[in-house]
Amino acid sequence: MTLSQNTKELQSGERKIIIKTTLGDMAFKLFEKDIPKTCKNFITHSKNGYYNGIIFHRVIKDFMIQGGDPTATGMGGESIYGKSFEDEFSPKYFNFYGALSMANAGPNTNGSQFFIVQAKKVDPMMLSQLEQAGWPKEAISKYEKDGGTPWLDNRHTVFGQIILGEDILEKIANVQTDSQDKPKKEVSITEIVVE
């Protein structure tokens, strides 16, 4: 099995987006063919300017950066479908370093919030548990090489992967935060460009 997340090139059924932030730009490929509903939600919101001006309200270094909530509380945001929508899991996508994934409040509660995985290491003990649990070898070796959050697999829908701007992801992850993991100096999305 060759993972599309292993390559920075766009594969068939993938689209490129650029998340422009106050600290710089990050580019991602979206897995539209396999994760259609989630991608449609994100693309529509992006084209409509829904995410413009929204801050990354939760930043946890060595874990992830989270945004997409217009209320900036972690409690807000809605989908284009008017209600929460179901998870879309595929055996092809994982929460590797740089994965673009949906934030949720439990199964099938997707709205507008998303996060970008920034964990650079996976505990060796967890790697051996993944093997026992039947994760594909290619996924395990990518987790070992690049890091990620495998415990979020099949809990949070992965719908994209960073292809450019890892330095910006690091810059955002390294900002100072308060006790609620909220950046002391706001980092916001200025625009999301859909190519």
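UniProt positions are given in the numbering used here, feature names are shortened, and annotations may be inferred rather than shown by experiment. With that said, UniProt, in an unreviewed entry, lists residues 21–194 as "domain: PPIase cyclophilin-type".

Some ground rules. This is a predicted model, where local features need pLDDT of at least 70, side-chain atom pairs count only at pLDDT 80 or more, and totals for chains, interfaces and linings use all residues. Residues are numbered from 1 along each chain as its sequence is written, and side-chain values use heavy atoms, with hydrogens and water left out.

Start with the listed range. Residues 21–194 are 22% helix and 21% strand. Helices (H or I, at least four residues) and strands (E, at least two) are DSSP runs, numbered from the N terminus. The end C-alpha atoms of that range are 14 Å apart.

Now helix 4, residues 166–173. Which of its residues are buried? I168, L169, E170, I172 and A173. Buried means under 20% relative accessible area, exposed over 50%, partly exposed in between, with a 1.4 Å probe and protein chains only. Those buried residues pack against strands 1, 2, 3, 4, 6 and 7. A contact here is heavy atoms within 4.5 Å.

Next, T38, in helix 1, residues 36–47. T38 counts as buried because its relative accessibility is 0%. Leaving out residues up to four places away in sequence, T38 touches F85, E88, M102, T157 and F159. Take E88: 50 residues from T38 in sequence, yet 7.3 Å away, C-alpha to C-alpha.

On to charges. The whole structure has 11 salt bridges. The criterion is a side-chain nitrogen of Lys or Arg within 4 Å of a carboxyl oxygen of Asp or Glu.

One of them joins K29 and E14, at 3.3 Å, N to O. K29 lies in strand 2 and E14 in the segment before strand 1, so the pair ties together parts 15 residues apart in sequence. Both residues are buried.

Another pairs E32 with R15, closest N and O atoms 2.9 Å apart. E32 sits in the loop between strand 2 and helix 1, R15 in strand 1, so this pair ties together parts 17 residues apart in sequence. E32 is partly exposed at 25%. R15 is partly exposed too, at 23%.

Last one: D146 and K142, at 2.7 Å between the closest N and O atoms. Both lie in helix 3, residues 137–146, four residues apart, about one turn of the helix. D146 is partly exposed at 23%, while K142 is buried at 10%. Salt bridges with shared partners join K142, K145 and D146 into one network.
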